[in-house]
Amino acid sequence: MHHATVPDLILEPMVRAALTEDLGTCGDITTRTVIPAGVTYAARLNAREDAVVSGMQVAALAFRLVDPTLKIKPLVADGDRCTKGQTLMEITGSAASILSGERVALNFAGRLTGVATLTAKLVAQTAGTTARITCTRKTTPGLRIVEKLAVLHGGGFNHRHSLSDAILIKDNHIAAAGGVRAALRAVKARASHMTKVEIEVDRLDQLAEVLETGGADVVLLDNMTPDMLAEAVAMVDGRLVTEASGNVTVGTVAAIAATGVDYISSGALTHSYRTVDLGLDF
């Protein structure tokens, strides 16, 4: 699995925002009133089910932002598989600090482990093919960076991170521009030489038009049956990168991968994952 990280600096504003939301206007009044000053503890972050781990970097950052004196000992890396009952991280130091950071750390880690675990399930269905699983922009607002990292941890690949990364001409753009040819010609005239171009088609006659016009690097084959996808891959014949999307589930992905497409994009990875049960045990 992929042990991708990004600098803590990039993640810090997101984790700070979550901690600020949770700590409210004057901090954790439960720990302040209940726990005597100076009480220290060794807490364990445990998996309550089998999964592919993500969010360990983020969880560690949450604890460190609450209290830089906490000692964090990671026992697995993001991208590792874990089994039910396994300890993923040990956090030692002020009991009040650990309890104040617990919920935010678990909220991130449980969700991101969910994304990585679902991604790994889809990736497993592509075994024996050259297809790669990739994500979309259908992410939780504000959490895109870490959800896309979790896709990498699950063995998937990242699509564009934002509207600035690449040109993706979708059906509505084509309609507004006046057709496939007009859209591709406009891009050719105006786009940076450093920018990749992808165009969406849902019919084979549109694909023929894309191949005839030129100017695209990637073609997005949307909502096509496996038979149509196989035909599209044959038409493209290696001239463009092919990406299939639409109705991608653990049940359908193997048939899509068998068509020979290069990428299969799934919004479900970042909008329909299930949070994995992780707990902090004192």
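Q: Before we start, what counts as helices and strands here?
A: Helices are DSSP runs of H or I with at least four residues, strands are E runs of at least two, and both are numbered from the N terminus. The model is predicted.

Q: Fine. Where does serine 272 lie, then?
A: Serine 272 sits in the loop that runs between helix 11 (268-271) and strand 12 (278-281).

Q: Is serine 272 buried, partly exposed or exposed?
A: Partly exposed, because its relative accessibility is 45%, and that class lies between the 20% and 50% cut-offs.

Q: What does the side chain of serine 272 make a polar contact with?
A: The side chain of histidine 271, at 2.6 Å.

Q: And how far is serine 272 from valine 197, C-alpha to C-alpha?
A: The separation is 28 Å, for two residues that are 75 residues apart along the chain.

Q: Switching to serine 245. Which strand is that in?
A: Strand 10, which covers residues 241-245.

Q: Buried or exposed?
A: Serine 245 is buried, because its relative accessible area is 13% and the cut-off for buried is under 20%.

Q: What does serine 245 touch?
A: Leaving out residues up to four places away in sequence, serine 245 touches Leu220, Leu221, Asp222, Asn223 and Ser265. With aspartate 222 there is a polar contact between the side chains, at 2.8 Å.

Q: You mentioned Asn223. Where is the place of asparagine 223?
A: Asparagine 223 is in the loop between strand 9 (218-222) and helix 9 (226-236). Its relative accessible area is 55%, so it counts as exposed.

Q: What about the phi of asparagine 223?
A: It is positive, about 50 degrees, and the residue is not a glycine. Most residues other than glycine have a negative phi. Asparagine 247 also has a positive phi, of about 55 degrees.

Q: Where is asparagine 247 found?
A: In the loop between strand 10 and helix 10 (253-257). Asparagine 247 is exposed, because its relative accessibility is 58%.

Q: New topic: cavities. How many of 30 Å³ or more does a search of the whole structure find?
A: The search finds 1. The volume of the largest cavity is about 40 Å³.

Q: Which elements give two or more residues to the lining of the largest cavity?
A: Helix 3 (56-66) and helix 5 (144-153). Helix 5 gives the most, with 4 residues.

Q: Which residues line it?
A: Ser54, Gly55, Gln57, Val58, Asp78, Leu112, Val146, Leu149, Ala150 and His153. By class, the lining has 5 nonpolar, 4 polar and 1 charged residues.

Q: Take serine 54. Where is it found?
A: Serine 54 is in the loop between strand 2 (51-52) and helix 3. Serine 54 is buried, because its relative accessible area is 1%.

Q: What joins the side chains of serine 54 and histidine 153?
A: A polar contact of 2.8 Å.

Q: Last one, the largest nonpolar core. Which of the 73 residues touch the most other members?
A: Ile199, Leu207, Leu221 and Ile264. The largest share of this core comes from helix 4 (residues 95-125), with 10 residues.

Q: What is isoleucine 199 in contact with?
A: Setting aside neighbours within four places in sequence, isoleucine 199 contacts Ile169, Ile174, Val180, Leu184, Val210, Ala216, Val218, Val219 and Leu220.

Definitions and conventions:
Residues are numbered from 1 along each chain as its sequence is written. This is a predicted model: local features need pLDDT of at least 70, side-chain atom pairs count only at pLDDT 80 or more; totals for chains, interfaces and linings use all residues. Side-chain values use heavy atoms; hydrogens and water are left out. A nonpolar core is a set of buried Ala, Val, Leu, Ile, Met, Phe, Trp, Tyr and Cys residues joined through side-chain atoms within 4.5 Å. Buried means under 20% relative accessible area, exposed over 50%, partly exposed in between (1.4 Å probe, protein chains only). Contact means heavy atoms within 4.5 Å. A polar contact is a pair of N or O atoms within 3.5 Å; within protein, one must be able to donate a hydrogen and the other to accept it, and residues adjacent in sequence count only if both atoms are side-chain atoms. On a 1 Å grid over the protein atoms alone, a cavity is a set of points where a 1.4 Å probe fits but cannot get out, and a pocket is an open set with protein on both sides within 12 Å along at least five of seven lines; lining residues have an atom within 4 Å of a point. Grid points are joined across faces, edges and corners, and a volume is the space filled by probe spheres set on the points. Ala, Val, Leu, Ile, Met, Phe, Trp, Tyr, Cys and Pro count as nonpolar, Asp, Glu, Lys and Arg as charged, and the others, Gly among them, as polar.
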